[in-house]
Amino acid sequence: MPDRKPLIAGNWKMFKTIDEALITTQQLQKQVGHIKTVDIMIAPPFTAISLVAPFIKDTSIGLSGQNMHWEKEGAYTGEISADMLVNAGCQYVILGHSERRQYFNETDEHINKKVHAALNGGLKPVLCVGETESERDSNKTFSVLDKQIEIGLQGVAIDHVDNVIIAYEPVWAIGTGKTATDEQAQDVHAYLRKRLNDIFKNSAASSIRILYGGSVKPNNIKGLMAMPDIDGALVGGASLDADQFSAIVQYE
Ligand code: PGA
């Protein structure tokens, strides 16, 4: 069984001014900054990233962007590059979140370009995949995931595999309070693990961490983390509050 260190990630979305971000980051630094058994990641809005970075330097808390562009630089008003994220203090970037797919028309092809740019730029991409409620109801869950994962990871070299992170986020569970059951999530994670092994044709794929996301809270994290193929969580709403996020980090 490969050693997959759990990763608990917080996606702050479009919440928190710089002052609010600084307060939450300092609280997290005190509460969980010393924890060594779990990797922790927070994804503040772009405006706060470089300002919170000094407060979590040399702690277990890493920093992430919530999105980026695939070009290195250029005339792309409103966009930000991998180099800019690294320079601001990030080690990770969330890519292909369902809100980006839904509201900003991101396609699997766009997301694949971003995955390459992130890996080449030294960032660990957290590639988000997941089916909508109607796709699940019409038994399309696995075919939707196949497409997202195959195109999303197209052309990724095996030596980059250790830096790839997948987040399975059923769209119907995001921000709705409806979580997939532990078993529903495990079934999909086991399926994704098998697909990753097929895609990379290499046992190295078994080291890829697969996070679950969608209404993760302090009261449901433990059951999810007990599942063999769930290696962590991508937390939205509950990551905005330091006490709740710390409780999730300390699920054991
Ligand atoms: P939620 O969001 O925890 O608020 O459901 C999860 C996410 O969108 O990553």
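Q: How many residues does the largest nonpolar core have?
A: The model is a predicted one. In general, nonpolar side chains of soluble globular proteins tend to be buried together. Here, the residues with the most contacts inside the largest nonpolar core include Ile-8, Met-68 and Tyr-212. The number of residues in this core is 67.

Q: Which residues is Ile-166 in contact with, leaving aside its neighbours within four places in sequence?
A: Ile-166 is among the residues with the most contacts inside the largest core, as are Leu-153, Leu-192 and Leu-196. With its neighbours within four places in sequence left aside, the contacts of Ile-166 are Leu-127, Val-129, Ile-149, Leu-153, Leu-192, Leu-196, Ile-208, Arg-209, Ile-210 and Leu-211.

Q: How many disulfides does the structure hold?
A: A disulfide is a covalent bond between the sulfur atoms of two cysteines, and a pair is counted here if the two sulfur atoms lie within 2.5 Å. The cysteine sulfur closest to that of Cys-128 belongs to Cys-90 and is 15 Å away, which is too far for a bond. The number of disulfides is therefore zero.

Q: Which residue has a backbone N or O atom 2.7 Å from an oxygen atom of the ligand?
A: Lys-13 has a side-chain N or O atom 2.7 Å from an oxygen atom of the ligand. In His-97, a polar side-chain atom lies 2.7 Å from a ligand oxygen. The residue that places a backbone N or O atom at 2.7 Å is Ser-215.

Q: How much of the ligand's accessible area does the protein cover?
A: The ligand is surrounded by 13 residues, and Glu-169 and Gly-175 are among the closest. By class, this shell has four nonpolar, seven polar and two charged residues. Of the 280 Å² of accessible area that the ligand has on its own, the protein covers 97%.

Technical notes:
Residues are numbered from 1 along each chain as its sequence is written. This is a predicted model: local features need pLDDT of at least 70, side-chain atom pairs count only at pLDDT 80 or more; totals for chains, interfaces and linings use all residues. Side-chain values use heavy atoms; hydrogens and water are left out. A nonpolar core is a set of buried Ala, Val, Leu, Ile, Met, Phe, Trp, Tyr and Cys residues joined through side-chain atoms within 4.5 Å. Buried means under 20% relative accessible area, exposed over 50%, partly exposed in between (1.4 Å probe, protein chains only). Contact means heavy atoms within 4.5 Å. A residue is near a molecule or strand if one of its heavy atoms lies within 4 Å of it. A polar contact is a pair of N or O atoms within 3.5 Å; within protein, one must be able to donate a hydrogen and the other to accept it, and residues adjacent in sequence count only if both atoms are side-chain atoms. Accessible areas come from the Shrake-Rupley method with a 1.4 Å probe; for residues, only the protein chains shown count as cover. Ala, Val, Leu, Ile, Met, Phe, Trp, Tyr, Cys and Pro count as nonpolar, Asp, Glu, Lys and Arg as charged, and the others, Gly among them, as polar.
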